[in-house]
Amino acid sequence: MSKAYIYTRVSTLQQTGVFGGFGIDRQITTIMDFLENATLPKELGYQLDPNNYEVLDSDAGVSGFKGHNFTKGSLGRFKSRVASGEISEGCLLIESVDRFSRKQGFDAIDEFTFLIKRNIDIIEVETGQIFSYKLDHKLTQLSTSIERAYQESKRKSRMVTKSWANLKRKAVDEGIALKRNIPYWLKLDGDNYQLNETEVERIRSIFNSYANGKGVTAIVRELNKVGGKYDGKLFSTNFINVMLRDRRLIGWLTGKRKSSETQAEWKSREIKIYPEIISKELFDLVQRRIDANAVAKTIRNSTKQVSLFNGIARCGICNEPLIGHFTNKGNYLRCLGKRSKLGSCNSSLIRYDNCQRAIIEHVKSIDFSMIYNSNNKDVGKIDTLQKRLNVVVAEINEIEIFLNTSETHAEIIPLTKARREKVSEKERITNELSTLMKEITIDNEELSCDIDELCDKTNVELRERYNQSLKKVLRTIKIIQDNNNDEKMFIFNFEYHHDYAMHYVALSIDGELLAYSYIEDKDDLSLKSSCIDINLKTGEINTKHTPNDIETLLVKTTLISMRKKLIAYDSSIEIPEI
């Protein structure tokens, strides 16, 4: 007696019992009836035992025309068992040849003969045909059956293609909704699409969060804290990454790209049939940020090493970006103008850990509501500009990373040009944002995090959120580490989204406040400092104490830096000589 192996397959899930179909059940019943009553030719040298069989996993919704049942289906696993010697003989029972394969003739014959040559006979139950080396004149019959199955599949494929093309035409010309593969954020109402408002709002929130600088991992954590996906499963980073690229969200149906197609040819087959639930501007912003992050991630070693002040920190001497330099010997901020081919700068290395703590502590003491009032009606526009600014900053960071590692002029020149263009775009956005940010609601609690938790580089989500909060209220932080005095110190220049607002502060390496100087627009425009206050409208001066060298430097620097901007802001202002 030889063991029988029962194989069944259907091309679509609708043919299974789960969806009310009966294709799999019908095939198993037909094969079991055959097994109960089978009498095989004596030439085979064996008969089948109705009690000695194995039902292989059914290939439900697996294409035989494309050969998926061999590449990722149950039949492929059976073939592997035969190839490994686990199964050395037996009989494979199939309802018909087209259940085994609908591939082109020669390809299908290869699959049949692979098993037959390894002592696995194949019986087509529907016709009673037996394909075996032990029987003569079976190859012609097998070839005929294979060709019939292949041609039938081609005919069905053409019919489906024509039907699908007709449905897409009606969707474009008449607005009739496609009834299959409906995106989960939509539902059908007759021939029209309706929005699933809960899912749409969640998708919009995801896009806004990502455009505002939040990472995919952080988004997934937040979503899973409040509940999973529409299907009850948890969100994954892969699911969100695919969603952020999904052009159906802006209305386009894009088919799978064929191996022979160019990008342009593939895109030319797009049709716009879905409701647009994400604006084109927001979608494009997200694509730019994804592209910028993808390149940057291949270069930096770890997300834990990204500076907390990424995109904000700049050299106080040459105004080039400060790049995190993290080694086993220590963590530093280094000026890009010093460490790359962009130029030369005599700035010192900045102790990152000390600098980080000093900035966090000082930012806590700043009352941003005094700088930004709270009556702005253009919050939506401000939000859009900040998203654009985040994307442009990410693109500039990407270019700067390349510049930092470039060795030849052939690389440096185009990168420098690209950087200059992006910086100009950043300045345009910043200027527009500055006008709108004169009055904006600020939540100081966003910047009042626990310093130890914030300095822990493993708290990636917290650090990303803090970085984005800083960017809302600060244009740049210019940093100098002064090593020339007996006491080393940091000098910070906090620049806000107001052209006329800036803030200088000198802190010791340990974070002790040594001096400060800033412009305040409250009642009257004034300069406030640790040693002297000046009303810039009336010229009134209030001296608190005799300034030391550091205090004098900060007050003079503030007035010199702001002279033109203050006069442009109010031409009646007279800047005193200090």
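A residue is called buried here when its relative accessible area is under 20%, exposed when that area is over 50%, and partly exposed in between (1.4 Å probe, protein chains only). The model is predicted, so local features need pLDDT of at least 70 and side-chain atom pairs count only at pLDDT 80 or more, while totals for chains, interfaces and linings use all residues. Residues are numbered from 1 along each chain as its sequence is written, and side-chain values use heavy atoms, with hydrogens and water left out.

Helices (H or I, at least four residues) and strands (E, at least two) are DSSP runs, numbered from the N terminus. In helix α8 (residues 216-225), the buried residues are Val-216, Ala-218, Ile-219, Val-220 and Leu-223, and their cover includes α7 (197-211), α9 (237-245) and α17 (460-473), where contact means heavy atoms within 4.5 Å.

Rings of Phe, Tyr and Trp (its six-membered ring) pair if their centres lie within 6.5 Å, and planes under 30 degrees apart count as stacked, over 60 as edge-to-face and the rest as tilted.

| Pair | Centre distance | Plane angle | Class |
|---|---|---|---|
| Tyr-5 and Phe-78 | 5.2 Å | 55 degrees | tilted |
| Phe-207 and Phe-283 | 6.0 Å | 25 degrees | stacked |

Because Tyr-5 lies in strand β1 (residues 2-6) and Phe-78 in helix α3 (residues 74-84), their pair ties together parts that are 73 residues apart in sequence. Phe-207 in helix α7 and Phe-283 in helix α11 (residues 280-299) are 76 residues apart; Phe-207 is buried at 0% relative accessibility, and Phe-283 is buried at 2%.
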